[in-house]
Amino acid sequence: MARHPVGGNWFVIEVRDLTKKFTVKKRKPGFVGSLVSLFSTHSEEMTAVDAVNFAIGRGDLVGYLGPNGAGKSTTIKMLTGILVPTSGQVLVDGIDPQQDRRAVARKIGVVFGQKTQLWWDLPVEESFDLLRAVYRIPRKEFQERLDFFIELLHMKDFLSQQTRKLSLGQRMRADLAASLLHRPPILFLDEPTIGLDILTRDIVRKFIKEINEQEKITILLTTHDIQDIEYLARRLILLDRGKVHYDGGIHEFVQRYAAEKVLTIQVDPPCGASFFTGLGYEVLSAASDRNFEIRLGAEETPALLIEQLTEKGIRIDEINMRKRDLGDTLKLMYSNNRNVEL
Ligand SMILES: Nc1ncnc2c1ncn2[C@@H]1O[C@H](COP(=O)(O)OP(=O)(O)OP(=O)(O)O)[C@@H](O)[C@H]1O
Ligand SMILES: [Mg+2]
């Protein structure tokens, strides 16, 4: 695979026709079914990542998004050499992780929000020291870097604690620092803000932005947090059922739908969502049988809907209109009907 310059930079992450299939055992439903499955297992193949293509330039910060099960973590595992692709190619700073996993390990940092990379029974500072030895980082350089992280990530208070005794927020900060001690040019973050309180989330977000801007570290970020995306990502890659549905600027993505509006409405007496769909409206969400979010086109106003409700003797308790934002658009994409054109 050739490496192409982007505005004078090289692509540092390249993925071509990347595919991962898993074989999953299918069990027959019910108790008898599970007994039958003990003796005869029926396997099926599922495609978690389906011919995915993208390339990321040096210093970019890309949001890799998609609903649960879209294939995001599977992609990251192939990029980091944890999983072997079924077909297709991966290059990380020009290296194929399957050919030379060690060389790739020096180039990348990885944080999986769901699981720590630190030694469970060791105090955090000893884990850091082990990493210093593993990556052969000169002591002075190591100490400077660590001090910088301790300050930025507010880690002083828990350095001597064993990893297994850390709170989730402390563990995540320690993991972030650990992933960057050896100064990798590329960082993979798979849900680094999952389960964090608002203050810790803020610290982590600012940290990610700072290292991307100051050190030009290329970052591929997976998150389900809209604010993370808005604050951090300049480009989005949207994955759904293993396929890329959008790859481009976040600004362009939001602009594409900015003219559309979302009407939030509370009615009395309750009416089902079908009342609105029957009138030709698209219901974005139904929090209850009284509270709905309705999609309005660029040219539409709520006047007609208000008239239609009044005609049916349905009172409007609350009504509110806002421009469609990133969260609304993602919600549409993630929803089951998937009726948004991306
Ligand atoms: N080791 C495995 N064996 C079988 N199936 C797997 C395996 N790992 C992942 N899958 C399946 O592949 C699909 C993609 O999973 P993946 O973890 O990549 O999703 P994701 O986009 O990271 O989702 P989430 O947002 O929930 O983390 C899912 O259907 C999952 O069940
Ligand atoms: Mg995942």
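Mentor: Welcome! Let's begin with a term: two directions are roughly parallel at angles under 35 degrees, roughly antiparallel over 145, roughly perpendicular from 65 to 115, and oblique for the rest. This is a predicted model, in which local features need pLDDT of at least 70 and side-chain atom pairs 80 or more, while totals for chains, interfaces and linings use all residues. Residues are numbered from 1 along each chain as its sequence is written, chains are lettered from A and ligands numbered from 1 in the order written.

Trainee: How many helices and strands are in the chain?

Mentor: Both are DSSP runs numbered from the N terminus, helices (H or I) of at least four residues and strands (E) of at least two. In the chain, these come to 12 helices and 14 strands.

Trainee: What distance separates the centres of domain 1 and domain 2?

Mentor: An automatic or database assignment sets the bounds, with domain 1 covering 5–254 and domain 2 covering 261–323. Taken over C-alpha atoms, their centres are separated by 40 Å.

Trainee: Are H6 and H7 roughly parallel or roughly antiparallel?

Mentor: Helix H6 spans residues 168–180 and helix H7 residues 198–215; their axes come within 10 Å and cross at roughly 10°. Axes are lines fitted to C-alpha atoms, for helices over the stretch in contact, with angles from 0 to 180 degrees between N-to-C directions. The two helices, H6 and H7, are therefore roughly parallel.

Trainee: Which residues of H7 make that contact?

Mentor: Residues are in contact when their C-beta atoms, placed from the backbone, lie within 7 Å. H6 brings Gly169, Met172, Arg173, Leu176 and Leu180. From H7 come Thr200, Val204, Phe207 and Ile211.

Trainee: Which element gives the largest share of the shell around ligand 1?

Mentor: The shell, with C-beta atoms (placed from the backbone) within 6 Å of the ligand, includes Phe22, Val24, Lys72, Ser73 and Thr74. Strand E2 (9–26) and helix H2 (72–79) are the elements that give two or more residues. The largest share, 3 residues, comes from H2.

Trainee: Is Leu146 buried or exposed?

Mentor: Leu146 sits in helix H5, residues 139–152, and touches Phe128 and Leu181, leaving aside residues up to four places away in sequence. Buried means 20 or more other C-beta atoms within 10 Å of a residue's own, exposed 12 or fewer, and partly exposed in between, with C-beta atoms placed from the backbone. Because Leu146 has 20 other C-beta atoms within 10 Å, Leu146 is buried.

Trainee: What share of the chain's residues count as buried?

Mentor: The chain has 342 residues. The buried share is 32%.

Notes:
Contact = placed C-beta atoms within 7 Å.
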